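Dear colleague,

Here is the structure I promised to hand over.

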Amino acid sequence: MKKPDILSVVYYTGFKRWTAPLDVVDTFEPLIEGFEPADLVSGRYFLLDVKHGEYQGGTENLCSMIIRAERAMQAVPVPLAKNKFAEYVDTFSDIIKYVNGANGAQFSEPIRNAIDSWARLYLHETVGMTYDEIERLLMDKSYIDQIRERIQAQRKKDEKRAVKRALAVADAEAEKEKQRALAEAGAEAEAEKQRALAEAAEKNQRALAEAEENKQRAVAEVKKEKDLALLRMLKDSIFSLYQCRFFHSVPEEVQKTVDNAQPKDMPALHAISDYLSGHKGDEKEFMRFAKTSLA
């Protein structure tokens, strides 16, 4: 049973020109010596470079029409100048008429329907025509200016709405940025406030500590002065008691022993004072007691 013929076709719609070899064989390393290209199965294919190549199959057929449509779709948005708009719309309406006319009989119904739907969809999506307008235009081309004016007015409305949305987004972003800046400034101000409060508290603590230290120093000075005054009074009291007890002035040895006493010796001086007030011993015994107490 004979196998059906197979034609390899690359239908390319990319923006860059197709530069790959047109035969798969050309992608391999050079042939081994003794072999000819004809000894290998050819991998050649037919290239339809839609956006760059010239279609060699004529102009009044479905393939050439689709290629023209592919090239027309590079103009986005579709120009609304009168001639340009009509040329663009005609490119797709010609395809619809072609597949639904006598020439379309060569294609199966699913293919005709697919191509028809594709052309109508592109007119709807790229131009903004409604499906009713497409149908109306296919029956009467005189409606094209009316349709173009309606689309032009709609496009202006859409542009205004787009600008309004963009401004709203910009305002929202600006407000968001403002709130973020305010939040950062507030946080920084609060942090600075807390730092200032901490520094003030630390300074206050230092001042309180210094004041307490000064207070304690002053109290100590007062106590020292008081103790010295009491010490002097007690010493003078001892000298008076001595004179009253022994009926003569205080000897130098006794005066020197008592005068050398310090505030820490206050208990000893009180004991010496008590001794003079109540004890009946003589001066020598007193002197021994005094020296022992102040040792």
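**The α2 and α3 pair**

Phe85, Tyr88, Val89, Phe92, Ser93, Ile95, Ile96, Val99 and Asn100 of α2 are in contact with Arg112, Ile115, Asp116, Trp118, Ala119, Arg120, Tyr122, Leu123, Thr126 and Val127 of α3, where contact means heavy atoms within 4.5 Å. These residues comprise 13 nonpolar, three polar and three charged ones (Ala, Val, Leu, Ile, Met, Phe, Trp, Tyr, Cys and Pro count as nonpolar, Asp, Glu, Lys and Arg as charged, and the others, Gly among them, as polar).

Please keep in mind that this is a predicted model, in which local features need pLDDT of at least 70 and side-chain atom pairs count only at pLDDT 80 or more, while totals for chains, interfaces and linings use all residues. Residues are numbered from 1 along each chain as its sequence is written, and side-chain values use heavy atoms, with hydrogens and water left out.

The axes of α2 (residues 82-100) and α3 (residues 109-127) come within 8 Å and cross at roughly 160°; helices here are DSSP runs (H or I, at least four residues) numbered from the N terminus, and axes are lines fitted to C-alpha atoms over the stretch in contact, with angles from 0 to 180 degrees between N-to-C directions. The two helices, α2 and α3, are therefore roughly antiparallel (an angle over 145 degrees).

Asp116, which sits in helix α3, counts as buried at 11% relative accessibility (buried means under 20% relative accessible area, exposed over 50%, partly exposed in between, with a 1.4 Å probe and protein chains only). Leaving aside residues up to four places away in sequence, Asp116 touches Ile96, Val99 and Asn100.

**A loop residue to check**

Phe247 lies in the loop between α5 (144-246) and α6 (252-259). Although Phe247 is not a glycine, its phi is positive, at about 60°. Most residues other than glycine have a negative phi. With 73% relative accessibility, Phe247 counts as exposed.

Conventions:
Parallel < 35°, antiparallel > 145°, perpendicular 65-115°, else oblique.
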